[in-house]
Amino acid sequence: MKLIYDIGDRPKFSKTIIFAFQQMIAIMAATLLVPILMSTFAMSNGETLSFDPAAALFGAGIGTLVYILCTKRRSPVFLGSSFTFLGAYASVIGMNYGYWGVLIGIAFAGLVYVLLAVIIKVVGSKWVNKLMPAVIIGPIVTLIGLSLSGTATSWMSGNGGSDYSLLTILIGAVTFLTIVLVSVKGSKTLRLIPFIIGVGVGYILALAFTLIGMAADVPALQILSFDAFKDAFVPFGLTSIVDYPKFTFLKAITEHPEGVLPIDGGALGNIAMTFVPIAVVELAQHIADHKNLSSIINKDLITDPGLDKTLLGDGLGSIVGGIFGGAANTTYGESIGCVAITGNASVVSIITASFGCMILSFLTPFVALINSIPKCVMGGACVALYGFIAVSGLQMLKKVDLGNNKNLFVVSAILVTGIGGLALNFGTNSATGGPLLTITSLATALIFGIITNLVVNGGKMGTGEEETPDALSGAAENMGNVEFEDTNKKK
């Protein structure tokens, strides 16, 4: 696609601040949500641990800086809290390993990426393009966007809760349409900040309905919660203005919840068995994200700066971010979608956003403001973000001959198993009652796609990139030529 600002470009300082703030808005809701969910996981005695969203925001910022450093400022993407490891967090907390169990698990997951980076540095990364050609990586990227779509729609329809509301759908739709109009009809400057404007309009609309609902005593109209502001300013004190994030490593050192088990050899083995397989599976999403970003910025990140460097950055960034924020980091599709929609791939914007997250994590009013953004507003914004991810995957299929049944079967295997949610569960976790190891539907779809590609091409990996004048019409023609047996002749 045509970029307004390329990787090495340096926009004016005033614009850079605005672009960075937009990136922060795009990644912040999900980044802050992970530690909130982690704080609901209980040990066997029912006691829960506390993970600070502000610390996770700081961890995302410093983790992204580590990633940018490892990739030599050539990959414009933000790292945020990963949802993939939520089951692993619940498991180690349920096994009574406390904060140290979470931190050690994150370290194990990050070291998997570091080890893979070393291996790829030795053997090279050409195998990646052979193993995951466009016929596979295209539908995988599409699947990533579509798999996230449920989050966007549930936030719109229920504002993050279970109660269905047409009003929250309206607010989410207004947010989305504002982003669309600004991106398509806005001035050159406005087209670079559609998310700030869209989320701002959605927030104001939600606030207006909430004030009306409070005045008329109609709970259904009270969309926006002021609890975040009450927690920050009541009672008012110095911490209402500036407060340090409650870093997880400090909690691990100073807090000793009742019933926490010591970390011995057996504990390390249990923690490793919980986190390492998930990290291996996550390799597929790491590659897919960077392939997707490569198509957006017109540069192959797998070769420059190289898959070894992106994996190293992701692994070390996750470890460093986890030490502070308590959650493993990963490349964020929201960040990639923001780059795609705005056409701003400037790494300077990402670096500024990283420092911004770290600084703002100390400012209580800002954290309260972000925490108060209604989920329906973020849901509307995510419709655009996740949609762009899905469409960018389809863009990768432009050179794939979908009139060839070999390619049709590969793509269909990935989309159906992925969208259908086919996951592979192994064993039983005694602490949680759930599976000991789960291969996610995304990873399962990738496995099905690779196997199908091998089968239809006689044991070799086909690229599927056979250009035809009209691949879709070729597929339709093949489907129309299916011959059915005339059963009347047998009577």
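Okay, ground rules. It's a predicted model, with local features needing pLDDT of at least 70, side-chain atom pairs counting only at pLDDT 80 or more, and totals for chains, interfaces and linings using all residues. Residues are numbered from 1 along each chain as its sequence is written, and side-chain values use heavy atoms, with hydrogens and water left out.

So, the helices, which are DSSP runs of H or I, at least four residues, numbered from the N terminus, while strands are E runs of at least two. Helix α1 (residues 13-38) and helix α14 (residues 347-360) have axes that come within 8 Å and cross at roughly 65 degrees; axes here are lines fitted to C-alpha atoms over the stretch in contact, and angles run from 0 to 180 degrees between N-to-C directions. That makes the pair roughly perpendicular, a label covering 65 to 115 degrees. Who touches whom? Contact means heavy atoms within 4.5 Å, and on the α1 side we get residues including F19, M24 and I27, meeting α14 residues including V348, I350 and L360.

Now the backbone. Most residues other than glycine have a negative phi, and most peptide bonds are trans. Here, V234 and P235 are joined by a cis bond, omega about -5 degrees, and P235 sits in the loop between α9 (227-233) and α10 (248-254). D304 to P305 is cis too, with omega near 15 degrees, and that proline is in helix α12 (residues 302-325).

Last one: K72, not a glycine, has phi near 55 degrees, in the loop between α2 (53-70) and β1 (79-81).

Definitions and conventions. Angles under 35 degrees count as roughly parallel, over 145 as roughly antiparallel, 65 to 115 as roughly perpendicular and the rest as oblique.
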